Amino acid sequence: MENLLLNIDAGTIDWSRAQFALTAIYHWLFVPLTLGLAIIMGIAETIYYRKKDVFWKHTAQFWQKLFGINFAMGVATGIILEFEFGTNWSNYSWFVGDIFGAPLAIEGIVAFFMESTFVAVMFFGWKKVSAGFHLASTWLTGLGATISAWWILVANAWMQYPEGCEFNPDTMRNEMVSFSEVALSPFAVSKFCHTVTSAWIIGGIFCVGVCCWYLLKKQHERMAVESMKIGAAVGLVAALLAGATGHKSGMDVARVQPMKLAAMEALYDGGTEQGLKLIEGIEVPYGLSIMATNDPQGFVPGINDILNGYTTPDGRVEPSADEKIERGKKAINALAAYRKAKANGEDGAAHLATLQEHMKYFGYGYVRNKEELVPPVLVNFWAFRVMVGVGCLLILFFAVVLATLYHWPKFLFAKRDITKLPAWHYWAAIMLVPLSYLGSECGWLVAEFGRQPWTIQDMLPTWAAVSDLQSSSVIITFFLFLILFTTMLAVEISILFKQIKKGPKS
């Protein structure tokens, strides 16, 4: 691998990263709406099943059409994303493909086929199957999409915190030794819960935004009001859950990715009783210590602490970045010596023992200087604040919408008719839709930028994971994908808007 790295130019690495980021960002425009609308359409059809009111059937069918349009686009970008692991990141695929490929294979075989099967029943089975079976198919379509998200997030969580695997020096590959540790990692559970609840928020705000469009145009008012009740309720519950799961996720990050947390806070010199910055110069006392450790007195290391080494209040010593780099080089050299000894028919046990002793820091052996271990602080700092700020705004928004719909408390909302508000109220709600997407994308920026420079945390940096390609070919495909994805997004928005203008059946 060392010789291969010498032949890969920086342009190939940067453009491969840019292309994967481009695909992931566009893919995430479609995924959260799919997961969110699955809840909206499931609730609407459940009400139809219980009340037998054809109005709710038409309402459910309307949201199902919007779901289907978005679902198709998400599948297309997701397939391209998975292919890029083999084309642009072949070293990564070789090094950990036995582990990373397992959840993706399960996602493709089980979850994708499950949702593909039931989505057909959902769209074409209204007059062909019983009402109960159709309702089950609608919920199972959403469940399939959620299971699909689970396995993809398991794979991503493993990259953030690899466990359940061992390195085989004979094959030069990491091999899975515990499927349960990979699939049920606490990091994966936290990531799944936070990601899925944030997707439900997108479904809720999209539903409310569409309903506000109808109220602005004085069209389909009953459907708008009734659907808004569903969307706002889903959105509020999801936003509160996202806050709770976000706190748990923050504790996980503090435990296994302290550099990411330090970058999120632009914290260079850590310590106990750390405040949480709202913006530079304004902070919540003890907020960061509570977020990271659930203890106002909790210790949080800063960037300089992590680079130079530190000792926690309970006596745990964390080595410096220079020491980790040195031990990583020893691991790489021991691996080379072991393989040479085996090739010559010699006993490589001593080299193997050295490799195992320093294997924990293997990835650091490819790091040239410790400054490369610091992720982009400015991006992480502001992306985190946009994500949290938008989430807090949406909690307030959904609460106000529900209070207006149900006229509670009466002394504030008794005379507020949601169908007769000034136009700017509806426009403000509609504008929250793209703002919510911005907050959602910022969440992924924090997750992925905060992990840099690692493809797999502490195991494989990006420049050791990339394929040996000409940068020109990656540049060409980058712009081809940019044009393709932008066109797909424009087409989806156009189709969605036409369907929204058409509205549900009367």
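## Surface and model basis

The accessible surface of the protein comes to about 22700 Å². Carbon and sulfur atoms hold 65% of that area. Accessible areas come from the Shrake-Rupley method with a 1.4 Å probe, and for residues only the protein chains shown count as cover.

This is a predicted model: local features need pLDDT of at least 70, side-chain atom pairs count only at pLDDT 80 or more, and totals for chains, interfaces and linings use all residues. Residues are numbered from 1 along each chain as its sequence is written, and side-chain values use heavy atoms, with hydrogens and water left out.

## Overall build

The protein has 18 helices and 10 strands. Both are DSSP runs numbered from the N terminus: helices are H or I with at least four residues, strands are E with at least two.

The C-alpha trace spans about 80 × 55 × 40 Å along its principal axes. For 506 residues, a compact globule would have a radius of gyration near 23 Å; the protein has 25 Å, which agrees. That radius is taken over C-alpha atoms, and the globule rule is 2.2 Å times the number of residues to the power 0.38.

## Packing and charge

Buried residues make up 54% of the 506 residues. Buried means under 20% relative accessible area, exposed means over 50%, and partly exposed lies in between (1.4 Å probe, protein chains only). Among contacts with a separation of 6 or more, 78% are between residues 24 or more positions apart. Contact means heavy atoms within 4.5 Å.

The protein carries 39 positive and 41 negative charges, and their mean positions are 16 Å apart. Lys and Arg count as positive, Asp and Glu as negative; His and the chain ends are not counted. Each charge is placed at NZ of Lys, CZ of Arg, CG of Asp or CD of Glu.

Strand β1 (residues 165-168) runs antiparallel to strand β2 (residues 173-176), and four bridges join them. Two strands pair if DSSP finds at least two bridges between them. C165 stands opposite M176 in β2. N168 has R173 in β2 as its bridge partner. Four residues lie between the strands of this hairpin, and M172 takes a positive phi near 60°.

Strand β4 (residues 276-279) pairs with strand β5 (residues 282-284), also in the antiparallel sense. Three bridges link β4 and β5. K277 stands opposite E283 in β5. Two residues separate the strands, and G281 in the turn has a positive phi of about 100°.

A350 sits in helix α13 (residues 349-358). A350 counts as exposed because its relative accessible area is 57%. A334 is 16 residues from A350 in sequence and 8.7 Å from it in space, C-alpha to C-alpha.

A233 belongs to helix α8 (residues 221-256). Its relative accessibility is 32%, so A233 counts as partly exposed. A233 and A399 lie 166 residues apart in sequence, yet 8.4 Å apart in space, C-alpha to C-alpha.

A490 is placed in helix α18 (residues 471-502). At 44% relative accessibility, A490 is partly exposed. S436 is 54 residues from A490 in sequence and 18 Å from it in space, C-alpha to C-alpha.
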